[in-house]
Amino acid sequence: MSDVNRGVWYGLSAYTIWGCFPLFFALFEGVPAYEILVHRIIWSCVFLALVISGLRRWPAVQAALGNPAQLWRVLGCALLIAANWGVYIYSVETRHVLQASLGYFLTPLVNVALGMLVLRERMGPWQMAAVVLAGIGILIQLIMLGELPWITLALAASFGTYGLLRKQVVLDGLSGLFVETLLLLPVGLMTFGWLGYAGLSHYGESLYTGALLMASGIVTAIPLLLFAGAARRLRLATVGFLMYINPTLQFFIALLVFGEPLSQVQLASFIVIWLALGLYTWSSWHYRPRVPASQN
C-alpha cells in the first residue's frame, strides 16, 4: 500500500470513528453529560500519557509546559475543547444529534470567518458568499422555528475558535491534546472526588459503566492518532474533503438510529448550509495554488 493510500485509510478511519461517536455516547444511559466529560478528560490524559511514553514524545510536552506564553494559549484550547466535548455529549443524551451534525457542517465556514475577522486573512468573493449562505441557513431556523439552534452554534463556535488558537501553538496533535487534558486534569480529579464523596458517582455503579467511562479516553485518543497519520501523508484539501464524513454519519445516525424528527424548516436549513459548503469546497479547489507542469 502506498503512503497516500495509507493516509486515505487513516483519514477514513478517523472520521468514521468520530462520525459514530453518537452510538458510543448513547451507551451511557443515566450518566449525566458533565460526569462523562470528567471521565473523558481523566482517562484521555492517562491513555495519552502511555502513548506519548511509547512514542517518546516527552521533550515536546516538557517544552510546552516550560513556556508560560504558549501555555496560556494551550489552556484556552483546553477550555474550548472541554466545552465542545460537553455540549456534544449533551446533544447525544438529549437526542439533538441533528443539531450537532449541523454544527460540524458549519465549522469550516466558521473557520473561514474567524480567519478573516481575527487573522485578517483575505476572503475570496465565493468564500464570502458561502459564509453569508451559512448565516442564512441559521437565520431560517431562528425565524421559522422561533428558536436559536444553540447546540449547533456552540459546537461550531467552540471548535472553530479552538482551531484558531491551536494554529498559534507549536505542538503536534497528540502532544497538544495531552497537555490540554493535563491542564484540565486537576479540575477533573476534584470533580470525580466530589462526586464520589456526595454519592453521585456512577463510576463504581457497575463494571459495565465503569469500563465505558474508562473507554471514553481510549475512544477519544485513537481517532486523533489516525488523523495525525492521515495529515502527514495527505494534502490539506484531501483531509478537508474527508472531514465531511463525520457530520454526514452523524446526520444519518440521528435520522435512522435515534429517529430524530427532521422538520421542513430544519431540512431547508441543512440544504442551505450544504450549498454553502459546496460553494466553499468548489472555490477552495478551483482557486488552489497550481503546481507547474514541470513539477508534476
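Colleague: Let's start with Tyr-15. Is Tyr-15 buried or exposed?
Modeller: This is a predicted model, and in it Tyr-15 has a relative accessibility of 7%. Buried means under 20%, so Tyr-15 counts as buried.

Colleague: How many aromatic pairs does a search of the whole structure find?
Modeller: The search turns up 21 aromatic pairs. Tyr-15 is in one of them, with Phe-227: the ring centres are 6.0 Å apart and the planes meet at 80°. Planes over 60 degrees apart count as edge-to-face, so that is the label for this pair.

Colleague: What is the geometry of the pair formed by Phe-251 and Phe-270?
Modeller: Edge-to-face as well: 5.0 Å centre to centre, with 65° between the planes. Phe-251 sits in helix H12 (residues 245–256) and Phe-270 in helix H13 (residues 264–286), and the pair links these parts across 19 residues. Phe-251 is buried at 7% relative accessible area, and Phe-270 is buried at 2%.

Colleague: Which residues form one aromatic cluster?
Modeller: Look for Phe-21, Phe-24, Phe-25, Phe-28, Tyr-88, Tyr-104, Phe-159 and Tyr-162; together they make up one cluster.

Colleague: Now charges and rings. Which ring face does Arg-40 lie over?
Modeller: The idea is to check how far the charge is from the ring centre and whether it sits over the face. Arg-40 is over the face of Trp-85, 4.2 Å from the ring centre. Arg-95 does this with Phe-258, at 4.3 Å from the ring centre.

Colleague: And Arg-95's backbone: what is its phi?
Modeller: Phi of Arg-95 is near 55°, a positive value in a residue other than glycine. Arg-95 lies in the loop between helix H5 (68–93) and H6, and is partly exposed at 34% relative accessible area. Have a look at Arg-56 too: its phi is positive, about 60°, and it is not a glycine either. Arg-56 is in the loop between H3 and helix H4 (58–65), and with 73% relative accessibility it counts as exposed.

Colleague: Which residues line the largest cavity?
Modeller: Leu-98, Gln-99, Leu-102, Gln-141, Gln-266 and Phe-270. H6 (97–117) and H13 each supply at least two of the lining residues, and H6 gives the most, with three. By class, the lining has three nonpolar, three polar and no charged residues.

Colleague: What is the volume of the second largest pocket?
Modeller: About 160 Å³. Its lining includes Arg-95, along with Leu-98, Gln-99, Gln-141 and Gln-266. H6 and helix H7 (125–145) each contribute at least two lining residues. Here the classes come out as three nonpolar, four polar and three charged.

Colleague: Is Leu-165 buried or partly exposed?
Modeller: Partly exposed, at 22% relative accessibility. Leu-165 lies in helix H8 (residues 150–166) and, not counting residues up to four places away in sequence, touches Arg-73, Gly-76, Cys-77 and Leu-80. For a sense of scale, the C-alpha atoms of Leu-165 and Ala-268 are separated by 32 Å, and the two residues are 103 apart along the chain.

Notes. Residues are numbered from 1 along each chain as its sequence is written. This is a predicted model: local features need pLDDT of at least 70, side-chain atom pairs count only at pLDDT 80 or more; totals for chains, interfaces and linings use all residues. Side-chain values use heavy atoms; hydrogens and water are left out. Rings of Phe, Tyr and Trp (its six-membered ring) pair if their centres lie within 6.5 Å; planes under 30 degrees apart count as stacked, over 60 as edge-to-face and the rest as tilted. Buried means under 20% relative accessible area, exposed over 50%, partly exposed in between (1.4 Å probe, protein chains only). Helices (H or I, at least four residues) and strands (E, at least two) are DSSP runs, numbered from the N terminus. A charge sits over a ring if NZ of Lys or CZ of Arg is within 6 Å of the ring centre and within 35 degrees of the ring normal. On a 1 Å grid over the protein atoms alone, a cavity is a set of points where a 1.4 Å probe fits but cannot get out, and a pocket is an open set with protein on both sides within 12 Å along at least five of seven lines; lining residues have an atom within 4 Å of a point. Ala, Val, Leu, Ile, Met, Phe, Trp, Tyr, Cys and Pro count as nonpolar, Asp, Glu, Lys and Arg as charged, and the others, Gly among them, as polar. Grid points are joined across faces, edges and corners, and a volume is the space filled by probe spheres set on the points. Contact means heavy atoms within 4.5 Å.
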